[in-house]
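The stops below run from the whole chain down to single residues.

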Amino acid sequence: MSDAGPVVLGPNQPQRFYQGGARIAAFRGLARSEAVPADHVPEDWVGSATPIFGTAEDGLTRLPDGRLLRDAIDSDPEGYLGPEHVQQYGASPALLVKLLDAGERLPVHCHPGDRFARKHLASVWGKTEAWIVVDAAPGSEVHIGFTEAVPQDMLAGWVADQDPAMLRALNRMSVSPGDAILIPAGLPHAIGEGVFVVELQEPTDLSVLLEWEPFPIDGCADGHLGLGFDLALDCVDRSPWDAGQLAALCGVPGHSPVANVFPGAADPYFAAQRIRTGGGAVTLE
């Protein structure tokens, strides 16, 4: 790796099927025309070595010299990631970070866990993720976990019929800037319109789409990761989530100068810290 210092990476916003993108440009301090002049670029894949599912290179970050960041890491993994990381994870960063601007409510979906991904998708990683809310319009909310146990046949019927009952069956949670929420693999969820998050996740693009109407995507063809819904729905957490369980997903950082953002259940996957500088200098590892 070069000793020239940090490499500045510009926006990396692939086309997606849902609206958004303006808040990403504002967060980066860019005029809209300097970013990506389109409305369906709601995700910025930051320092990405992960491609969009089913593609070879879409979603991957390119360095200013034109190389894929993934290839640069592969050529010098210890230089980029450090020997301890390489010993545990190889040349994978083991993380994907996104800026996600929900210009409209996202459809209900979930992500397979590690075991399901290894067994059925030839992937070491599933997709547990977590959100740090950067901005949220007044009254914003997210939808997380079913309020009551949902039988397999009922869920399959909701998906086949695209029944609005599925969204109504999820818990609604109000969110505001500074909130941090862990979303374990399998947990059905949907981010509401007007919510802008930094999203940390395992390094995959594996999603099972449970809802797709009226979005411009064919969920019957593209919503089940090529597995068919009979199998794909096996990764969905159909158990009931009560208020106490949902609260345990939310980080409650202390008031120390450096505080963890997410609950301890996130530790096997990723970490984030909130640094307060109001008291003067802060010492970091």
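Of the 285 residues of the chain, 45% count as buried, where buried means under 20% relative accessible area, exposed means over 50%, and partly exposed lies in between (1.4 Å probe, protein chains only). This is a predicted model, in which local features need pLDDT of at least 70 and side-chain atom pairs count only at pLDDT 80 or more, while totals for chains, interfaces and linings use all residues. Residues are numbered from 1 along each chain as its sequence is written, and side-chain values use heavy atoms, with hydrogens and water left out.

**Whole chain**

Show the cartoon. The chain has 10 helices and 12 strands; these are DSSP runs numbered from the N terminus, with helices (H or I) of at least four residues and strands (E) of at least two. Along the principal axes, the C-alpha atoms fill a box of roughly 55 × 45 × 40 Å. The radius of gyration is 19 Å, which agrees with the value near 19 Å for a compact globule of 285 residues; it is taken over C-alpha atoms, and the globule rule is 2.2 Å times the number of residues to the power 0.38.

Switch to the surface. The accessible surface comes to about 13900 Å², and 53% of it belongs to carbon and sulfur atoms (Shrake-Rupley method, 1.4 Å probe; for residues, only the protein chains shown count as cover). Among contacts (heavy atoms within 4.5 Å) between residues at least 6 apart in sequence, 71% join residues at least 24 apart.

**Nonpolar cores**

Select Phe146 and Leu155. These are the residues with the most contacts inside the largest nonpolar core, which has 26 residues. A nonpolar core is a set of buried Ala, Val, Leu, Ile, Met, Phe, Trp, Tyr and Cys residues joined through side-chain atoms within 4.5 Å. Which elements give two or more residues to this core? They are helices H5 (114-120), H6 (152-161), H7 (165-168) and H9 (229-232), together with strand E10 (208-209). H6 gives the most, with three residues. For the second, separate core, of 21 residues, select Leu100, Ala136, Ile181 and Ile191, which it includes.

How many disulfides does a search of the whole structure find? The search finds zero, a disulfide being a pair of cysteine sulfur atoms within 2.5 Å. Select cysteine 110: the nearest cysteine sulfur, that of cysteine 235, is 3.8 Å away. Cysteine 235 has its closest cysteine sulfur in cysteine 110, and at 3.8 Å this is too far for a bond. Cysteine 110 is buried at 0% relative accessible area, and cysteine 235 also counts as buried, at 11%.

**Serine 140 and glutamate 141**

Move to serine 140, in the loop between strand E4 (129-136) and strand E5 (141-146). Serine 140 is buried, with a relative accessible area of 5%. Leaving aside neighbours within four places in sequence, serine 140 is in contact with Met173, Ser174, Val175, Glu193, Gly194 and Val195.

Next, select glutamate 141, in strand E5. Its side chain is joined to that of arginine 172 by a polar contact of 2.8 Å. A polar contact is a pair of N or O atoms within 3.5 Å; within protein, one must be able to donate a hydrogen and the other to accept it, and residues adjacent in sequence count only if both atoms are side-chain atoms. Not counting residues up to four places away in sequence, glutamate 141 touches several residues, including Arg172, Ile191 and Gly192.

**Glutamine 273**

Finish at glutamine 273, in strand E12 (residues 273-275). The C-alpha atoms of glutamine 273 and alanine 259 are separated by 5.3 Å, with the two residues 14 apart along the chain.
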